[in-house]
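Please read the points below beside the sequence and the structure. They cover confidence, overall make-up and a few individual residues.

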Amino acid sequence: MATPKKKTSSKSEAAAPKASGKAKVAPAKTVAAPPVEKPKPPQIDPELLEEIKNELFKKKQELGSNVSNELDDMREAAEGHHLADMDDLGGDAHDEETQYKILEIESAELGQIDMALERINNGTFGMCETCEKPITPDRLRALPFTNLCITCKRQQEANDR
Ligand SMILES: [Zn+2]
């Protein structure tokens with residue numbers, strides 16, 4: 001007598017239950033992370049930080065369009081000189097020099113603004129880069145892109161002399 005072999009399908013059909021209504025929601029809480037000792041960023045009033053951030057963005061846009069306009073002007077002026085007679089070149093040279101100075105200052109400021117925005121992003125904004133002490137809110141308000149506290153700034157200026 002042959003024993004009847006039960007031919008069970010070898011394929012497992014244990015698929016996920018279909019259409020069971022609501023999907024399972026992932027557990028919201030994982031195990032609480034242990035407190036990490038981080039170097040404390042300076043405590044800045046979030047409102048002030050937001051204010052400064054907006055100020056920096058505004059200034060950045062202003063300066064950015066100024067700089068590109070001035071570059072355009074200078075390019076046009078330079079082209080003009082090539083086309084025109086060299087007669088009144090003397091008068092323009094001074095203007096160009098001034099324009100170049102302004103452009104230089106504005107570009108430097110743009111760089112400072114970018115650095116300040118970066119410091120906001122990585123949480124070191126408002127900290128003096130030299131002595132690592134917090135810069136006073138008043139100073140930050142007046143000079144949002146400063147990276148030195150008043151003491152270090154004065155010291156630096158004294159050294160420059
Ligand atoms: Zn300092």
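1. pLDDT is the predictor's confidence in each residue, on a scale from 0 to 100. For the protein chain it averages 79, and 66% of the residues score at least 70. Where pLDDT is low, the predicted coordinates should not be read in detail. Among the helices (DSSP runs of H or I, at least four residues, numbered from the N terminus), mean confidence in the protein chain is lowest in H2, at 86, and highest in helix H4 (residues 150-160), at 95.

2. This is a predicted model, in which local features need pLDDT of at least 70 and side-chain atom pairs count only at pLDDT 80 or more, while totals for chains, interfaces and linings use all residues. Residues are numbered from 1 along each chain as its sequence is written.

3. The protein chain has four helices and zero strands (a strand is a DSSP run of E, at least two residues). Along the sequence the pattern reads α-α-α-α.

4. A residue is buried if 20 or more other C-beta atoms lie within 10 Å of its own, exposed if 12 or fewer, and partly exposed in between, with C-beta atoms placed from the backbone. By that count, 7% of the 161 residues of the protein chain are buried.

5. Two residues are in contact if their C-beta atoms, placed from the backbone, lie within 7 Å. Of the contacts in the protein chain with a separation of 6 or more, 62% join residues 24 or more positions apart.

6. In soluble globular proteins, nonpolar side chains tend to be buried together.

7. Leu140 belongs to helix H3 and is buried, because 23 other C-beta atoms lie within 10 Å. Beyond its neighbours within four places in sequence, Leu140 is in contact with Ile52, Gly126 and Ile135. The C-alpha atoms of Leu140 and Gly126 are 7.1 Å apart, with the two residues 14 apart along the chain.

8. Pro137 is also in helix H3. Pro137 is partly exposed, with 16 other C-beta atoms within 10 Å. Residues up to four places away aside, Pro137 touches Asp45 and Leu48. Its C-alpha atom is separated by 8.0 Å from that of Gly126, eleven residues away along the chain.

9. Which residue has a positive phi although it is not a glycine? Glu132 does, at about 60 degrees. Most residues other than glycine have a negative phi. Glu132 lies in the loop between helix H2 (89-122) and helix H3 (137-142), and is exposed, with 12 other C-beta atoms within 10 Å.
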